[in-house]
Amino acid sequence: MPRSYEEDEARRPILDAAESDSEAPGSVIAPARERILHRSDDDELSQPTGCGASACCNPSSALHRFMALIFMCLVGFGSYFCYDNPGALQDKFKSDLDLSTTQFVWLYSIYSWPNVILCFIGGFLIDRVFGIRLGTIIYMFILLIGQLIFATGALINAFWLMILGRFLFGIGAESLAVAQNNYAVLWFKGKELNMVFGLQLSFARVGSTVNFLVMVPVYNYVRDLGYTGHQCTGVVLLLATLTCVMSMLCALILGWMDKRAARILRRNDNPPNGEVAKLSDIGTFKISFWMVTVICVAYYVAIFPFIALGKVFFMRKFGFTPEDANTVNSIVYIVAGVASPLFGLIVDRTGRNVLWVFVSITVTIFAHGLLAFTFYNPYVAMITMGMAYSMLASSLWPLVALIVPEYQLGTAYGICQSVQNLGLAVISMFSGLIVDKGGYFMLEIFFIGWLVVSLLATIVIWLYDANNNGALNMSPKEREIAASKLLVEAANRYDENVAPVPSDGSVNEDGVATQGGAAPPVESIRNRYLNRVLDSPNQSDSEPLIE
């Protein structure tokens, strides 16, 4: 959560009228410089009293932030739980609803394809129209309605209605993931952000795992109550909808907590200098951001499609039984559920996100190499892959918040989600064709090739960052030092560019001398600086600090 100083300061001119009247003509510039460099007593916020002053109720406390984090994770729980409802009941769906394999696959593809575009639009709407609180509630509501329609379609055995429900569910779920990322950045930017992204990944895996564990017992329970066929499947899906209702309640509570925090901390949620997200902003994104989107596709297509096809691979190559093949195939998610927050905490302490991304991709290539070229125990390769997957998720996604200005984050995360959906949809189809034509060995070579692409994209980020401010691969201490240097440099450059005060001491409404040369607007300089440095020690890519 942004510091109170930044938020209160962002609303005030550097030079108040009272200051200009009381200071001698020759000292007009000094208060401006002091206001940039030092925190005055007037900027201190009054602390909450009573229960509001306790750690659990004070928005500035770590305990309160982690209470909000719990709700952030639970907001997405219903989405991940219900997404894999068809997978957990695949045989029941096909028998009770008389679905072919092609029809069953449609329940997943109709989820992914629309989000190639709609996910980006959803992120843009968060930035420009809805805002994060209203956007989260709207997307959660769309998701809930989609799941209800999906369950109703199963209840009355109307496949077209089920498709419509999954379509709406996908629109809400993927845009909700963008909103979750924005919430994480808003509350934890410059603090425990890497760990938070890791923990959100863990909850995603928990939601999917709980779904696979409980849906079959729930189906058997409903069947024992006397429901049969499509009605039994429909009732089970309606019960699963309760997890979405729970997530909707968490979205409402989280929205209330965020609104309260913004009021108490006097947080200025408006972008600095009146900046708003525009579609044309996409052209201003740095090369490093586009390389992150390449990694999002090239890395994840070597994980998710592999797991989707992994069961038969382990049965054929290693002679596992179906049960043992399922066990080893699920290890990546199990390891990720435990390791992701731990790796996030490590990255928070050490920084150097690009280095961690590079290491994780290299380790994943090694794991796929073990599976492709050896008959070594596959548990070793899958545990290694799970660790690397956790490491990448905890270090890659926070990079977006370090590269892109905060008012464009919804758009940026929407682009990442959209490109990832496109890549997964296309590569999944190609993976099936490769298995049919060339077998699983060629599939492993295919995945290793994509991992090499992601490794090259990481190297491009590393080189680009090294030739610029280098903040993406700094330690937290180095980022803090760089931010301090930029602060002093900005103030000094401001002093050098401001015109001398005329003999009559006249200044304009911003407290800048009206004679002798053009100086950059004080408020504009200060707002740009606060946006890119104090809240995060990384420079915005939207415009220079001082023209």
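To begin with a term: pLDDT is the predictor's confidence in each residue, on a scale from 0 to 100. Colleagues, the structure before you is a predicted model, in which local features need pLDDT of at least 70 and side-chain atom pairs count only at pLDDT 80 or more, while totals for chains, interfaces and linings use all residues. Residues are numbered from 1 along each chain as its sequence is written, and side-chain values use heavy atoms, with hydrogens and water left out.

Let me start with confidence. The protein chain has a mean pLDDT of 75, and 74% of its residues reach 70 or more. Among its elements, the lowest mean, 41, belongs to helix α2 (residues 17-22), and the highest, 93, to α17. Two stretches stay under 50: residues 35-46, with 28 contacts beyond four places in sequence, and residues 505-547, with 117 such contacts. A contact here means heavy atoms within 4.5 Å. Where pLDDT is low, the predicted coordinates should not be read in detail.

I turn to the overall fold. Of the 547 residues, 54% are buried, where buried means under 20% relative accessible area, exposed over 50%, and partly exposed in between, with a 1.4 Å probe and protein chains only. Of the contacts with a separation of 6 or more, 78% are between residues 24 or more positions apart.

Next, α14 and α17. Helix α14 (residues 304-318) and helix α17 (residues 353-373) have axes that come within 11 Å and cross at roughly 35 degrees; the axes are lines fitted to C-alpha atoms over the stretch in contact, and angles run from 0 to 180 degrees between N-to-C directions. On the α14 side, F306, F313, F314, K317 and F318 meet H368, L371, A372 and F373 of α17. By class, this contact has seven nonpolar, one polar and one charged residues. Nonpolar covers Ala, Val, Leu, Ile, Met, Phe, Trp, Tyr, Cys and Pro, charged covers Asp, Glu, Lys and Arg, and the others, Gly among them, are polar.

Helix α19 (residues 409-438) has 30 residues and reaches 41 Å between its first and last C-alpha, close to the 44 Å expected at 1.5 Å a residue. The expected span is 1.5 Å times one less than the number of residues. G439 follows α19, with a positive phi near 90 degrees. In helix α20 (residues 440-466), the 27 residues should span 39 Å, and the end C-alpha atoms are 39 Å apart, which agrees. Its buried residues include Y440, F447, L451 and D465, and the buried residues of α20 pack against α13 (287-300), α14, α17 and α19.

How many salt bridges does a search of the whole structure find? It finds one, a salt bridge being a side-chain nitrogen of Lys or Arg within 4 Å of a carboxyl oxygen of Asp or Glu. R133 pairs with D258, their closest N and O atoms lying 2.6 Å apart. R133 lies in helix α9 (residues 132-155) and D258 in helix α12 (residues 229-264), so the pair ties together parts 125 residues apart in sequence. R133 is partly exposed at 26% relative accessible area, whereas D258 is buried at 0%.

Finally, M246 is also found in helix α12, and is partly exposed at 27%. Beyond its neighbours within four places in sequence, M246 contacts L74 and F77.

Notes:
Helices (H or I, at least four residues) and strands (E, at least two) are DSSP runs, numbered from the N terminus.
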